[in-house]
Amino acid sequence: MTSRPARIPTTRPRRSPARPHETPPPPAPRRDARATRARILDAARRELTRDPDSSLEDIAGAAGVARRTVYVHFACRAALVEGLAAEAAEAIRRAVAGAPAPTPDAVADLARFVLVMWPVGDRYRALIRLARGHDLARARVDELLTPARDMATRVFAHGRRQGVFQTTVPPDPLGRAIEAQLLALLGCADCGLWSDDGTGAATATLIAAGVAPGAAAAKVDQVRKSGSLPSPV
């Protein structure tokens, strides 16, 4: 009798049990797609500042892309305006978060607040005209401005407690009134009637809050020279 060779047992790799309902993570957005989107938004900001009626074709040309490329990122003009509003909202949040901490000098704090916020408002001033033309809902504008409003109200309340803001208007209405003044000045800058780096706007704000004109101008100059302002947008 011939003996059969012994079988060598084979070991198969064990399969991991399938996990139902598990989906793979979405792919990370491509870097070039993000860069293209940012370029389109930058072109939109410039073109809409120049002419609030700029078309998607105008914006595509300014961005150096085909119009169909714009549609890849923004389905329509309203979506593009919302993208610009979202970018402005983030810039406002960063400016508020990066603003220096409050000090015992509420007048200096108010001047510093305007000097920090003015470059952001100036960069996105196209949104003011878009809001007037109903391209951007008023409720959305209020949402964008909320972080800045909250910070301004705190500064006004502090100044009233110190007695340095000589006004009978409560902090919240005072903040809304001065906000309207600043938006009007940005609108004048948009029309070429006003040119300012924030110094004039900050001085006007202090005067509106009840600070004497000479003292207001001196305080803004002091804050500018103190080196306490973050880098502009």
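1. Thr199, Ala202, Thr203, Leu206 and Ile207 in α9 are in contact with Pro213, Ala216, Ala217, Lys219, Val220 and Arg224 in α10. Please keep in mind throughout that this is a predicted model. Helix α9 covers residues 199-208 and helix α10 covers residues 213-225. Their axes lie 9 Å apart and pack at an angle of about 135°, which makes α9 oblique to α10. As for handedness, α9 and α10 cross in the right-handed sense.

2. Lys219 deserves a look of its own. This lysine sits in helix α10 and is one of the residues there that meet α9. Is Lys219 buried or exposed? Its relative accessibility is 16%, so Lys219 counts as buried, the cut-off for that class being under 20%. Setting aside residues up to four places away in sequence, Lys219 touches Asp105, Val107, Ala108 and Leu206. Leu206 is also among the α9 residues listed at the helix pair above.

3. Now the overall make-up. The chain has ten helices and zero strands, and the order of elements from the N terminus on is α-α-α-α-α-α-α-α-α-α. Of the 233 residues in the chain, 38% are buried. Among contacts with a separation of 6 or more, 69% are between residues 24 or more positions apart.

4. On to charged pairs: how many salt bridges does the structure hold? There are 20. One of them joins the side chains of Arg67 and Glu57, at 3.8 Å from N to O. Arg67 belongs to helix α3 (residues 67-73) and Glu57 to helix α2 (residues 56-63), so this pair ties together parts that are ten residues apart in sequence. Arg67 is partly exposed, and its relative accessible area is 43%.

5. Another salt bridge reaches across more of the sequence, and I would look at it in the viewer. Asp135 and Arg77 meet through their side chains at 3.0 Å, N to O. Asp135 is in the loop between α6 (126-132) and α7 (138-162), while Arg77 is in helix α4 (residues 77-98), so the pair links parts that are 58 residues apart in sequence. What about accessibility at the two ends? Asp135 has a relative accessible area of 35% and is partly exposed.

6. Glu82 pairs with Arg140, and their closest N and O atoms are 2.8 Å apart. With Glu82 in helix α4 and Arg140 in helix α7, the pair ties together parts that are 58 residues apart in sequence. Glu82 counts as partly exposed, at 33% relative accessibility, whereas Arg140 counts as buried, at 17%. Besides such pairs, there is a network: salt bridges with shared partners join Asp42, Arg45, Arg46 and Arg123.

7. Arg149 is a second residue in helix α7 that I would point out. This arginine is buried, with 11% relative accessible area. Which residues surround Arg149, apart from its neighbours within four places in sequence? Arg149 is in contact with Arg138, Asp142, Arg176 and Glu179. Turning to Val96, the C-alpha atoms of Arg149 and Val96 are 9.9 Å apart in space, and the two residues are 53 apart in sequence.

8. Last, the aromatic side chains. The structure holds one aromatic pair. Phe156 and Phe165 make up that pair, with ring centres 5.9 Å apart and 70° between the planes. The arrangement is edge-to-face, because planes over 60 degrees apart fall in that class.

Key
Residues numbered from 1 in each chain as written. Predicted model: local features only at pLDDT ≥ 70, side-chain atom pairs only at ≥ 80, totals over all residues. Heavy atoms only, no water. Phe/Tyr/Trp six-rings, centres within 6.5 Å; stacked < 30°, edge-to-face > 60°. Salt bridge = Lys/Arg side-chain N within 4 Å of Asp/Glu carboxyl O. Helix = DSSP H or I, 4+ residues; strand = E, 2+ residues; numbered from the N terminus. Buried < 20%, exposed > 50% of the residue type's maximum accessible area, 1.4 Å probe, protein only. Axes fitted to C-alpha atoms, helices over the stretch in contact; angles between N-to-C directions. Parallel < 35°, antiparallel > 145°, perpendicular 65-115°, else oblique. Left-handed = near helix turned anticlockwise from the far one by under 90°. Contact = heavy atoms within 4.5 Å.
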